[in-house]
Amino acid sequence: MNRYTSLTQKYLLGQKKRSILTIIGIILSVTLLTAMGTIGLSFRDKVVRQTVQEYGDYHVSFNGLPGEAVSRVVNNASVESAGIISREGYSVISKTSEKEKHENPFAAPYRYLNLKGYDAHAMNKLQVHLDSGRLPKNPNEIILSTWSLDSFATKPKLGDSLTLSLGERTVASTGEIKPIHGLGDFGWDLDEDFRPQKEREFTVVGFMKTGTNASWSASFILPAITYEDNEKIDADKNYFIYVKMKSMNQIQAKAEAIISSLKLNQVDQGSAVALDKDIQYKNIRVEYNNELLKLYGKSTYEGVNHSLLYAFAAIIIIIMGCTSAVIYNTFHISVLERTSQFGMLRCIGATPSQIRKLVLKEATILSLIAIPVGLLMGTVFMKLLFYNISFLALGFLNDMQMVISLPILIIAGVLGLLTVYLSAIGPARLAAKVSPLEAVHSSGGTKVENVTSVRKSKLLGKLLGIEGQFASRNIRRNKKRFRITAFSIVVSMILFIVFSGIAGLLGQTSQSGIDYSYSVIYEGPSKRIDDYVYSDIVKLDAVEHAYPFYNNQVMAMFPKEKVNPKYYKLRPGMYSVEEGEGYRTDNNYLESYGDNGLDALKSKLTAGTIDKEKMNRENGVIVNQKLIMTTEEGRQIIIDQTQFKVGDHIQVRALDSDGKGQGYTTLTVTGIIDQGLLSSSYNESAIIEFITTPEVVEKVTGNDTYSRIFILAKTDISNKPITDYLKSLTQKDAGYSYTDKVQQLAQAKNDATTAKIFLYGFIGVIVLIAFLNILNTVSTNLILRTKEFAVLKAIGMTQRNVGKMILLEGVLYGLYSALYGSILGTALSYGIHHLFKGAFDVAWTIPWGSIVLAFVGAIATTLVATAWPMYRLNQTSIVEALRKET
């Protein structure tokens, strides 16, 4: 037995080229496994850190608990750690002047500091980030929000002593204490007063960054944080506890068990929102950080968990199946071309069992060489990718970190070895079945088959000549070899189409960001921005574009057949008022961004055209009817609320119409968009936008005023002229206010750019490995047929004829494989999309772009793959090619 199996080393050394080709196939497979595992783990690590930054590093929060319940939550056996927040009271830092109240009728009576006490765990879990200074370490230290500093009579500095008169907000007309819901950062009444209770002195040690989702309340209710170790719990206070559980399994059941043990009434439950978003609640509320939990497959939405689990399991199976196919093809071709050698071994006494062991030993030796190299290549390849990403220093991937995981490397190595053995079993059995008689009558894969049964193609003969006929018959006369080579191309196409679909799905569901730098709002009595303000803004050198925003809520009549039945089923309450043959709804807005806004909107049209004269003449509108929403099952869905098309008519009237002769006006749909002019994301609120010209707005509503201007600043020069002008506006008239979104806009653009780089870089890995896979398989197939090509040259074919035949054979391989690869890839892409549907319900469309790219790429790659065999054939004489083994 040892005498036979010892032939393995001699064969591998004697047939170096064939051995190298086999090793390359294994290396590519292990590289793919390592790269996919590393990039997947690194991406999840980044997404987890990003989610923690936006939503907090906790699993569940208990909000508004009485002091007596705190210790029972914190000390519960299922709780790993808990951050505790308490409301310490409000302090007035300035009183709103009569001038400001006149200019802004909705101004709060005071500007407050809302002081909260955080322990160390709470500061960590709720991501308190500083512009400067440090976090407070004792109850006598405080950090203030950067945007609150201008509201103080004397602007505080680091190290300054600050005396605050803490107290309660009251209802001015009754003297009753105003009920505060949640953490108390949102909302005020005009009938409001302040009742001081105690004074506390603090040292200012830091300034907090501005929240990206800062609400409308942030201009009058300003956050401040001090340190509280909460060792002594005040029974009269309400507390907010942010908990990390020891295990994320059955987290909702554990939280409900805790609430049940506290014996509390009227406890609400829901999903947490981003840390600085507006949320108010009256009762005690339990919130689950589902955005973080679902990344571990542990959210409170079982459908989402199962959907993600099944989808990712399917992706792993596809990757493993494709890598197995690569290795299987490599071994199968090798065994197929050595039929005569195995037959000779059978002739001198080798048993089928010994032949099988010989092939498996060959697989073992090749694996020991190829798998470590594949692991190294996969790691180095990812290291280079992340190294290049680090140079971009952009947005979402700015702190993208490569996670080199030992378990991933071990799993990739074990899967690679397992795949090699599974892939070698079939060829080993094939080799063991070779009979001595077969060895006498054939010479492996280069045997001369009976080709008379292969039907000639007259069409190919006319189109491609005799070389085309030979190429076609070569493919059809050896079906095993054709299937092996074609399957390699099919596998590569499947990988490309499937992962392009996944990248597209993730890109669709993660779109976010704004497309403006500043927003100016006027809330004075007239609700009207004077035209000179717009003219002044447009003249500023730093302004790229400025859009006056006309916005009027309108009543609309929607025919029943134009309401999307799928959306109606999800939100029947949105269309509950029937009138005639349709539904009357008031959640609609007639908007205009001026004439230049319509010009900018052209690039976002999905249907129709923008012709201002026609819109003025026909009351034309561009309809934005798409939104992104989360269902009660936690499923994220992108859906059209209505099904309006270009040419449809809609009846609308101004919502505040006095009814004196002013009825409905007919609008004509001239275009459809999916996203607004100043947003790169879908609407999150259930509104229908009708975007038109200022003339149509005035015609329908009788209102020609605008109270908001959006500004897009230039990125190559300083924005100081813009901010100076906006500040001067607010000083002249308190009705003016503005928001600065420059950093947020830059972040959004960088996020979009780097997300594309990451997704297409991910696809690039697939494309490269698929290219090398096709190159290896096709080249191996042709190189092992060197003797066959030499025979054709010996019987009269010229070098040009043989070369043309090989090229046409490559084209035919590509065409046949691309057809099957497109069908299978599309089917699997739909299957993966369907599995994701429980978490992300997005309309699926046939991926024509990916199919065409894969189709063209497969044919081009097969042509490239023929280059080396043709060069080798040119350099080899007929006699030499006929004598030697390939």
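This is a predicted model: local features need pLDDT of at least 70, side-chain atom pairs count only at pLDDT 80 or more; totals for chains, interfaces and linings use all residues.

Colleague: On to the cores. Which residues touch the most other members in the largest nonpolar core?

Modeller: I26, I832 and F836 do, in a core of 50 residues. At least two residues each come from α3 (16-55), α9 (302-336), α11 (352-392), α12 (406-432), α15 (479-509) and α24 (799-836). The most come from α9, which gives 11 residues.

Colleague: What does I26 touch?

Modeller: Leaving out residues up to four places away in sequence, I26 touches I327, F331, L366, S367, A370, I371 and V420.

Colleague: And the second core, how many residues are in that one?

Modeller: It has 47 residues and is separate. Y522, L540, V554 and I672 are among them.

Colleague: Strands next. Is β21 mostly covered or uncovered?

Modeller: Mostly covered. Strand β21 covers residues 665-673, and eight of its nine residues are buried.

Colleague: Which strands pair with β21 in the antiparallel sense?

Modeller: β16 (residues 605-608) does, over three bridges. In that pairing, G608 stands opposite G671. β20 (residues 649-654) also runs antiparallel to β21, joined by four bridges. There, I650 has L667 as its bridge partner.

Colleague: How does β17 run relative to β21, parallel or antiparallel?

Modeller: Parallel. Five bridges join β17 (residues 620-624) to β21, and V621 is partnered with V669.

Colleague: What about the three strands of the open sheet, what is their order?

Modeller: The order is β18-β19-β25, with mixed pairing. β18 (626-630) and β25 (840-841) are at the edges with a single partner strand each, so one side of each has no neighbour in the sheet.

Colleague: How many bridges join β19 to β25?

Modeller: Two, and the strands run parallel. β19 is residues 636-640. Q636 has F840 as its bridge partner in β25.

Colleague: Switching to pockets. How much space lies in the second largest pocket?

Modeller: About 460 Å³. Its lining has 19 residues, and R87, E88, G89, E168 and Q197 lie nearest the centre.

Colleague: How do the lining residues divide by type?

Modeller: Nine are charged, five are polar and five are nonpolar. Strands β2 (79-95), β3 (110-118), β6 (161-171) and β7 (192-208) each supply at least two residues of that lining.

Colleague: Last topic, backbone angles. What is phi of Q250?

Modeller: It is near 50°, a positive value in a residue other than glycine. Q250 sits in the loop between β9 (238-245) and α7 (251-262).

Colleague: Why does Q250 count as exposed?

Modeller: Because its relative accessibility is 65%, and the cut-off for exposed is over 50%.

Colleague: And K527, where does that one lie?

Modeller: K527 is in the loop between β12 (518-522) and α16 (531-539). Phi of K527 is near 55°, again a positive value in a residue other than glycine. K527 is partly exposed, with a relative accessible area of 36%.

Technical notes: Residues are numbered from 1 along each chain as its sequence is written. Side-chain values use heavy atoms; hydrogens and water are left out. On a 1 Å grid over the protein atoms alone, a cavity is a set of points where a 1.4 Å probe fits but cannot get out, and a pocket is an open set with protein on both sides within 12 Å along at least five of seven lines; lining residues have an atom within 4 Å of a point. Grid points are joined across faces, edges and corners, and a volume is the space filled by probe spheres set on the points. Ala, Val, Leu, Ile, Met, Phe, Trp, Tyr, Cys and Pro count as nonpolar, Asp, Glu, Lys and Arg as charged, and the others, Gly among them, as polar. A nonpolar core is a set of buried Ala, Val, Leu, Ile, Met, Phe, Trp, Tyr and Cys residues joined through side-chain atoms within 4.5 Å. Buried means under 20% relative accessible area, exposed over 50%, partly exposed in between (1.4 Å probe, protein chains only). Contact means heavy atoms within 4.5 Å. Two strands pair if DSSP finds at least two bridges between them.
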